[in-house]
Amino acid sequence: MGDNPSGSTNAPAGGPGVTGRHARAAGNGVSPSSYDEPPIGGGGALPKKARFSMETGFRGLSTSAGAMVLVIIVAIAIFLIAKAVPALRANTVNFFSYEQWFPNDAQPKFGIAAIAFGTVLSSVIALIVAVPIALGIALFLSHYAPKRLANPLGFSIDLLAAVPSVVFGLWGRDVFAQPVQDFSIWLNKYFSWIPLFGGDGPFGRSIMLGSLVLAIMVLPIIISLSREVFQQTPTANEEAALALGATKWEMIRTAVLPYGKPGVIAAVMLGLGRALGETIALAMTLGTVFNISFNLIQTGGNSIAANIANTFGEANDTGRGALIASGLVLFAITLVVNMAARAIIYRRREFRDAAA
Amino acid sequence: MAKRIEASNVTSYYGSFKAIDSISMTVEPKSITALIGPSGCGKSTFLRSINRMHEVLPGARIEGRLTIDDQNIYDADVDVTAVRRMIGMVFQRPNPFPTMSIYENVVAGLKLNGVKKKSHLDDAAEASLRSANLWEEVKDRLGRPGAGLSGGQQQRLCIARTIAVEPQVVLMDEPCSALDPISTLAIEDLMFKLKDRFTIIIVTHNMQQAARVSDKTGFFSIDKTGDPGRLIEYDDTQKIFSNPTQKKTEDYITGRFG
């Protein structure tokens, strides 16, 4: 088209538009506007592709941003391992089975067993308490509550998420401890035949207190994510269930819960991640006792993160290395939990993909 | 097992908006009734009023009397889930449950109503899929996701799911509007077959479809946007399409309106 005679007569003066990077190709005179500005669709010879442009620049930016994640993870891993290995070498007992923590001695003795157990136990109990409550609240907000009630309630749940964990710790220790202690004594009186509630006391700063505080802390995250996925259930599916003669609860069981399941699992795992890593609230509410016990109500319990917070101050070089080694274990536990969650979601992918 | 439906002065509201105004019509058992009319004239609202799905929407309410074999479904002591089991519904867009397999979709209604016996469920699934002309296509992949079928197959799956609970009446809200002509024909064939067992009411924008499949046709219209929809004419399909008594009906079916 560039050699079309009418096209060249209508081309702007000095703008043949065949070589310049930004110059537009000359119009071929179809529309009046082509006198000044050739049409965006072109008309003359095709201009060359830009060698450097926003396109290349932005691709480079986003690629390096993505690479940054890997760099940070690798750097953290190298730092953790480099600091942990010397301490682990100096350890005179088995790191995985020993239950006490004396890394600052001349003959360092420390093991992860008790605090890893305490971490997992307190988090699991927190989830057992929190998940049913959170799902109930989420369903209430998404399907039962009138809008006028759901909005302020949702807002106050967001507020709960904004409370700093040290405030939860203080509250748990100074306010919540008393009712939990009374409840523990009552449990011990009537249910001491269940090992979970046995023991002779004292009761108070126990796994139960720590777990309940943790449960309150993970509630908001599970509620708001679950509510989100429940609300996304297609109306068409809800109506399909209702039209089959389902009651509201049956409709929720048939359409809403299965649809939201992957999202709920993700929400629970995020909550578990928060519970496993929670530091200061547990440091303030647990009894800081190094032992493996399923007793929930006697003063005791400890967790990896709480132990780091409690003992970092007076730790020497080996002590810090030992704490970093315990941090690595915490990281591994969280990783396994996350991978398990992915596996659960992945198993039903055929159904999820077909629905998309 | 098909039943007669009688609507008298049914008026439906969305909040303060009156969507349809005193509709009265009688639908005979084992017949196909088509509801036609321009968009927004209240056909779907009336259809959803028949199985009490209208009231699912917030602010929706209804006045008048709607009986199925002389029982008013809007009586205060009527169990709404029983009404919906008796009057099944197929929606405009195929809506199989995305998390369920083909088999689970078909028996979902039965499971909701407490049927647990595996052999009973298996038999019902096969019978319903056969009735919906889908069995031959899916019998080897009943465990695969229902949402993985083609649009026409999904709609027949939804029909199978609806008839699995053996309702008296099947309501269809533009069941073919999202489907290609071949799938549409498959659904229409299916309607003729189901007519022996069910009373069918279908809302359609496709006048040829109404003329092809229905015994009776109701024409709905509105005077202008914002006015409630009214039933202009209701008669034998043949009469409506050859010699309607109302000028409005004639204008609509000859394409001079809407």
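Start with chain A: of its 356 residues, 40% count as buried (under 20% relative accessible area; exposed is over 50%, partly exposed in between, with a 1.4 Å probe and protein chains only). This is a predicted model, where local features need pLDDT of at least 70, side-chain atom pairs count only at pLDDT 80 or more, and totals for chains, interfaces and linings use all residues. Residues are numbered from 1 along each chain as its sequence is written, chains are lettered from A and ligands numbered from 1 in the order in which they are written, and side-chain values use heavy atoms, leaving out hydrogens and water.

**Stop 1: chain A as a whole**

Select chain A and switch to cartoon view. Its secondary structure comes to twelve helices and two strands. Helices (H or I, at least four residues) and strands (E, at least two) are DSSP runs, numbered from the N terminus. Trace the chain along its sequence and the pattern reads α-α-β-β-α-α-α-α-α-α-α-α-α-α.

Now look at contacts, meaning heavy atoms within 4.5 Å. Among those in chain A between residues at least 6 apart in sequence, 69% join residues at least 24 apart. Chain A exposes about 19,500 Å², and carbon and sulfur atoms supply 66% of it. Accessible areas come from the Shrake-Rupley method with a 1.4 Å probe; for residues, only the protein chains shown count as cover.

**Stop 2: the annotated spans**

An unreviewed UniProt entry annotates them as "transmembrane region". UniProt positions are given in the numbering used here, feature names are shortened, and annotations may be inferred rather than shown by experiment.

Zoom in on residues 58–82 of chain A. This span is 100% helix and 0% strand, and its end C-alpha atoms lie 36 Å apart. Then move to residues 321–341 of chain A. Here too the chain is 100% helix and 0% strand, with 30 Å between the end C-alpha atoms.

**Stop 3: a nonpolar patch**

Select Phe140(A), Tyr144(A), Leu149(A), Leu153(A) and Trp249(A). Together they make a nonpolar surface patch of about 440 Å². Patches are made of residues with over 30% relative accessible area and no salt bridge; like charges are joined within 9 Å, nonpolar side chains (Val, Leu, Ile, Met, Phe, Trp, Tyr) within 5 Å. Color α3 (113–144) and α4 (147–162) of chain A: each supplies at least two residues of the patch. Leu153(A) is found in α4 of chain A. Leu153(A) is partly exposed, at a relative accessible area of 30%.

**Stop 4: where the chains meet**

Show chain B beside chain A. The contact takes 30 residues from chain B and 21 residues from chain A. The two chains bury about 2,100 Å² between them, 65% of it on carbon and sulfur atoms. Buried area is the accessible area (1.4 Å probe) that two parts lose on being put together, summed over both.

How many salt bridges are there between chain B and chain A? The count is one. A salt bridge is a side-chain nitrogen of Lys or Arg within 4 Å of a carboxyl oxygen of Asp or Glu. Select Glu239(A) and Arg48(B), whose side chains meet at 2.7 Å, N to O. Glu239(A) lies in α7 of chain A and Arg48(B) in α1 (residues 43–50) of chain B, so the pair joins two chains. Glu239(A) is buried, at 11% relative accessible area. Arg48(B) is buried too, at 9%.

**Stop 5: helix α3 of chain B**

Select residues 102–112 of chain B. Nine of the eleven residues of this helix are buried, so it is largely enclosed by the rest of the structure. Among the buried ones are Ile102(B), Tyr103(B) and Leu112(B). Their cover includes α7 (235–243) and α8 (248–277) of chain A, together with α4 (118–131), α5 (135–138) and α6 (151–164) of chain B. Just after the helix, Gly114(B) takes a positive phi of about 90°.

**Stop 6: salt bridges within chain B**

A search of the whole structure finds 18 salt bridges over all chains. Select Asp21(B) and Arg230(B): their closest N and O atoms are 2.7 Å apart. This pair links distant parts of the chain, with Asp21(B) in β2 (residues 17–27) and Arg230(B) in β10 (residues 230–236), 209 residues apart. Asp21(B) is buried, at 14%, whereas Arg230(B) is partly exposed, at 36%.

Finish at Arg130(B) and Glu126(B), which form a salt bridge at 2.8 Å. Both lie in α4 of chain B, four residues apart, about one turn of the helix.
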